[in-house]
Amino acid sequence: MARQPPPPWVHAAFLLCLLSLGGAIEIPMDFHWTRNSRFFNIAKDPRVSMRRRSGTLVIDFRSGGRPEEYEGEYQCFARNKFGTALSNRIRLQVSKSPLWPKENLDPVVVQEGAPLTLQCNPPPGLPSPVIFWMSSSMEPITQDKRVSQGHNGDLYFSNVMLQDMQTDYSCNARFHFTHTIQQKNPFTLKVLTNHPYNDSSLRNHPDMYSARGVAERTPSFMYPQGTASSQMVLRGMDLLLECIASGVPTPDIAWYKKGGDLPSDKAKFENFNKALRITNVSEEDSGEYFCLASNKMGSIRHTISVRVKAAPYWLDEPKNLILAPGEDGRLVCRANGNPKPTVQWMVNGEPLQSAPPNPNREVAGDTIIFRDTQISSRAVYQCNTSNEHGYLLANAFVSVLDVPPRMLSPRNQLIRVILYNRTRLDCPFFGSPIPTLRWFKNGQGSNLDGGNYHVYENGSLEIKMIRKEDQGIYTCVATNILGKAENQVRLEVKDPTRIYRMPEDQVAKRGTTVQLECRVKHDPSLKLTVSWLKDDEPLYIGNRMKKEDDSLTIFGVAERDQGSYTCVASTELDQDLAKAYLTVLGRPDRPRDLELTDLAERSVRLTWIPGDDNNSPITDYVVQFEEDQFQPGVWHDHSKYPGSVNSAVLRLSPYVNYQFRVIAVNEVGSSHPSLPSERYRTSGAPPESNPGDVKGEGTRKNNMEITWTPMNATSAFGPNLRYIVKWRRRETREAWNNVTVWGSRYVVGQTPVYVPYEIRVQAENDFGKGPEPESVIGYSGEDYPRAAPTEVKVRVMNSTAISLQWNRVYPDTVQGQLREYRAYYWRESSLLKNLWVSQKRQQASFPGDRLRGVVSRLFPYSNYKLEMVVVNGRGDGPRSETKEFTTPEGVPSAPRRFRVRQPNLETINLEWDHPEHPNGIMTGYTLKYVAFNGTKVGKQIVENFSPNQTKFTVQRTDPVSRYRFTLSARTQVGSGEAVTEESPAPPNEATPTAAYTNNQADIATQGWFIGLMCAIALLVLILLIVCFIKRSRGGKYPVREKKDVPLGPEDPKEEDGSFDYSDEDNKPLQGSQTSLDGTIKQQESDDSLVDYGEGGEGQFNEDGSFIGQYTVKKDKEETEGNESSEATSPVNAIYSLA
C-alpha cells in the first residue's frame, strides 16, 4: 500500500488507499476500510463514499454533520485473487481552535530589576497554536536577550526596567489549520522604582542599573528550574534545549556538551542564545548538555541529560518475491529502534498463527523461508514491526509463476564501441523458473565467459577490453524447462578519437596573432566535431577569431583573451581533450598616486605606486617633467630608473615650476603616462652655464652673423634670461664691442671681407650673470675668388680617365676659405661617325689645397673640353683657359640578348644583339663553345664572325651531349666582356624544352605547314622586288629600321624617320648569302659600329674619380633593324620562320 495523508487532523477527509503492484499488470480488486479495527460500512452513511478503482475514502462535511463523529483510526484493505494487502493505520482527528476563557487580570506589580514571567497558557488545540506577544494596540513586543518569549509561549523578563510599563502585554495564539487567532486579555505592569523618572539618557549609560539605583545580583534560572533536568527525543527529530536566566546585569547564555563538542553541522542557536536546536538527531547526540548563564556578578549552570529513542526504522524491508514452481525463497523483515521493536507476520491481513498451515513455509523470527514452492503458496504477506514510539507496516507479494523465457529488449540491436574500451552488451529477459543465459559469437558453439568476457547475473555480457577481432554478431540464448528464447546484438568496433598534435602553452604580446593547433585522428565512419572551450566555458568565436578543422587563430590578441583553451574533439561515441594556457603580455598599466616628499631647494623625492605589469615584468620607469614658463604643456625626460624601484630623489634646477609624471616600460612597450603630480617651484639663481654652439659666419661679404643655441628652462635659473654678445677683431687687441640680445642671433655689419673675430656670448638673468665665457673665433663674409688656376695640364691615362695638374692661386685672391679646385668638362663629340652626344657640363671636385687630380669614367673614343675654377664659401671664381683632349678606343661591353635555341636534334641556333657600348670600331665577334656530358668535357672550338653577323648555327655531332657557348665582341683594342649560355637538356632528360622541339619537328613535316611557308616566301619576294624598284627611282626610304646610326636632335630629317638616297650614294642593296655549312652570314658594313649609347651626367668623388653612370638612349627599332636586314632574301626569310 502507498500514499497516506500526513496530518492526523482533517476538516473534509480524503483517505487515500492506492495499491502498488510493483510494475505488474493491473488486476481487478476490492477495497474495504476498518475504523477502530472494526469493519466500516460505507453504504450506511450518505456522507461517506469510496472512489472507484483507487479505494480512496471520501467523508464530506459540507452538507452538514458533526466531524467529531468520524474521529478514529482507519485502515484500508485491498483484496484480489492473489491475496490481501493492508495500508498503514490513519488517525483522523478534527482540528480545534477553542476560545480563550474570559478572565480579569490585575496589574502585575514588580520591583525594578526583579525577574518576571508572564504566562500565556493558551487553550489546547489541534495542531498546537503558534504563540506571539503584542500590545493591545497590535504592536509587536520588542524582544532581546533581556526580554524574550520561551518555547512554551511565556514571556520572560530577566530583569524588569521602568520603561517596561510603557505598554501592556497580550498573548496571541494563531491556529494555522483553522486560520484563526485568539487573543488573551492584556497584562499591565506596575514597576516600583527608586528612580521614578524615566530618563531616556540613562538607557545608554555604561552602568545603567547603578545609575537607576538597581542592585546587581548573580544569575538564576527561570526555566528550567533547578540545576539539572532530562529530555527525551526521537531519532530523526529536532532537539530543542532551552535555558532562560534572570540577573542584573542581564546574563549571557553559553552552551556546552559534556565530553565533546557540539555538532557544528547540525547545531544552531536561537532566541538570543537561550535555545539550542540540533536537527535530525541521531544516537550520537545523546549525552549531557549544560547551559552556562553569567554576568559580572557570577555564573550558574544547568545540566540537561538527553536520551535519544527511536521509532522503528528499516534495516531490510521485505521485497516482492517471484518464484517458479519448486523453487526456494525467503522474505526478510529486519528493523531497528529504541527500544528494540517486535516483528509480527501476517498473511492476507490475518495473523500468520491463525492462517491455514502451509508445509512449504517456515517462520524463523524476522524471516519466512519458502521451500519447494507451489502455486498455492502465492499470497500477500505483511510485516508489522513496532515499539512504544511507533510502528512500520510493509506488504510483500509472493508470486509463483511458470513462464517460458522471453526477451525484453528490441531484436538485432547495433552497438558501436571504441577500440580498447570496456563495454557491456545487455540482454534483458524474463522467465519462470529463472532461465539460464549463454552468449555465443558469430553463431559458433563455445559459450562466452571467462578471460576477456564476463557474464553478469542479469544476463549482461561485459567485454573488458575491446579489440578489432571482437567485432561481430553476438547471440544471447535464455533457456529454462519450458523452452528457450534468443536475441542478437551486432557489435562494431571503431577507432578512438585522438588529438595527436595538441595545443601548446603560449606567451603572446598584445596585438599579435596566436594560433593554437589541434590536429585530430578519428574513425572516418564517425562524424567529428571540434569545439573550443575557454576557461571551461564554451568559446564564442567572434570577428577576431578564426576556427578551422585543425587550429584556432586569434588575431589582435587582447588581455581578455588570456586563459586556458581546451580543444574538444568528439564523435557520437567518444571524445578527447587537450588544454593549453595563453598568457597575454601587455603594456603595463600606468603608475598612480604620485607623491612629492623631502622637498629641498635643489631636490625632491618622487614616490609612485606601480600599475599591473600585465604578465611582462616592468624593466624601467621614465620620469618626465613639464614647466609652465618656456614650453608649457611640453613634457621632457628627466631621468630613468630600474623597474624594481618606486621612489627616486630627483635633482632640480633653479627657478623651474616643476610638474612630474611617470611612465612604466616593459618588453611589450610603454604604459600611458601617470596623472601629473602637484607642482613644485624652485628658487632662482644666476646662470651656471652659457649658451653653446656659438658661431660667427658671414652671410654677406660685409657682415658677420653670430648665432648660438639658446638655453632651456632648466638652465635659465631665473626670470628674464638674456645674452650679452661681445666681439672684436682678432690680433688687433681693440676694445670689445657688446650688445644685449634676447634672441639667439646677432648680425655685425660693415665688416671687412673674411676677417677673423673673437666672439663671446654670456648668459644673464635677474639674479645675475653666468660665468665668463670662452672666446670663439668667427669670420666675416666671403667674396668671390679673383683668380683662376694656371698652368693646367691634361694627360690621357686610358680610354676612360685623365690626370690633371695645375698651379695653386695666391691666398689673398681666394677672398675666403678655399673649399676646393673644381674641373668643369663636357663631351664635345664622339669619334664614331654620325653619333649624337650630350654636351651637358659635368664637374669633378678636388677638395683642399691640391695641385693634381684624376677624372675617371669618361666615354672612350670621344672629344672633350675642360675648364678649372677656384671655389670658396661664396662660390666659383673665374674660369681657366679651355683645354681639349681625346679619349682613345676601348673594349666593347658584352653582346646583348644572347639566345640559344634547339629546333631539332641535329642543329643549335644562336642569336645575339650588338653590344650596348661598342667603345670603338667593332672588328667582330668571337664564339667559343665546347660539348660536355656530366663531368666529361670535349675539345673547345673557336669561331670568329664579322661585326655585322648576329646569328650562327651549330651542327651537333652528339645528340646526347650539351653545349656551353661563350660570346664576346672585339674592337682593335681587344675583346670585351663575355656572355655564357648553355644549350637545352637532351630529350632523355624529359625537359619541357625537348618536348617543345620535338613538337616543332613534327609540325614541320606536315603538308599544311610547308604550303604556308611557301606562300610567305612568295610574298616576301614580291615585297623585295617592289622595294628595289622604288630605291632605283630615288626618294624617301625608311632606313631607321635598317641602319644603326642614331640621329642627333638637330637633324631636321629625323622627324619623319627617313633619308634621301640617290644613285650617287654608292651603297648597293646588301643581300645575304648562305655559307657552305648552312650559316647565314652578312657582308661587312661600316654602319655596324654606330650602335653606341650617348654619355650621361656623372659625378666625382674627392680624388676626382667619376662616380656617375652611363645613360643610354637606344630605340628598340635600332637593334631590330640589324636583325631584319639579314632576311632580305627568300631563303633567309624561310629559314628564319623555320
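N36 sits in the loop between β3 (30–35) and β4 (38–40). Strands here are DSSP runs of E with at least two residues, helices are runs of H or I with at least four, and both are numbered from the N terminus. This is a predicted model, where local features need pLDDT of at least 70, side-chain atom pairs count only at pLDDT 80 or more, and totals for chains, interfaces and linings use all residues. Residues are numbered from 1 along each chain as its sequence is written, and side-chain values use heavy atoms, leaving out hydrogens and water.

N36 is not a glycine, yet its phi is positive, about 55°. N36 is partly exposed, at 43% relative accessibility. That term covers the range between buried (under 20% relative accessible area) and exposed (over 50%), using a 1.4 Å probe and protein chains only.

N273 also has a positive phi, about 70°, without being a glycine. N273 lies in the loop between β23 (267–270) and β24 (275–278). Its relative accessible area is 33%, so N273 is partly exposed.

Next come two prolines. The peptide bond from V248 to P249 is cis, with omega near -5°. P249 belongs to the loop between β21 (244–248) and β22 (252–257). The bond from S432 to P433 is cis too, with omega near 0°. P433 is in the loop between β39 (429–432) and β40 (436–441). Most residues other than glycine have a negative phi, and most peptide bonds are trans.

Finally, a helix. F1028 is part of helix α4 (residues 1007–1033). F1028 is partly exposed, with a relative accessible area of 47%.
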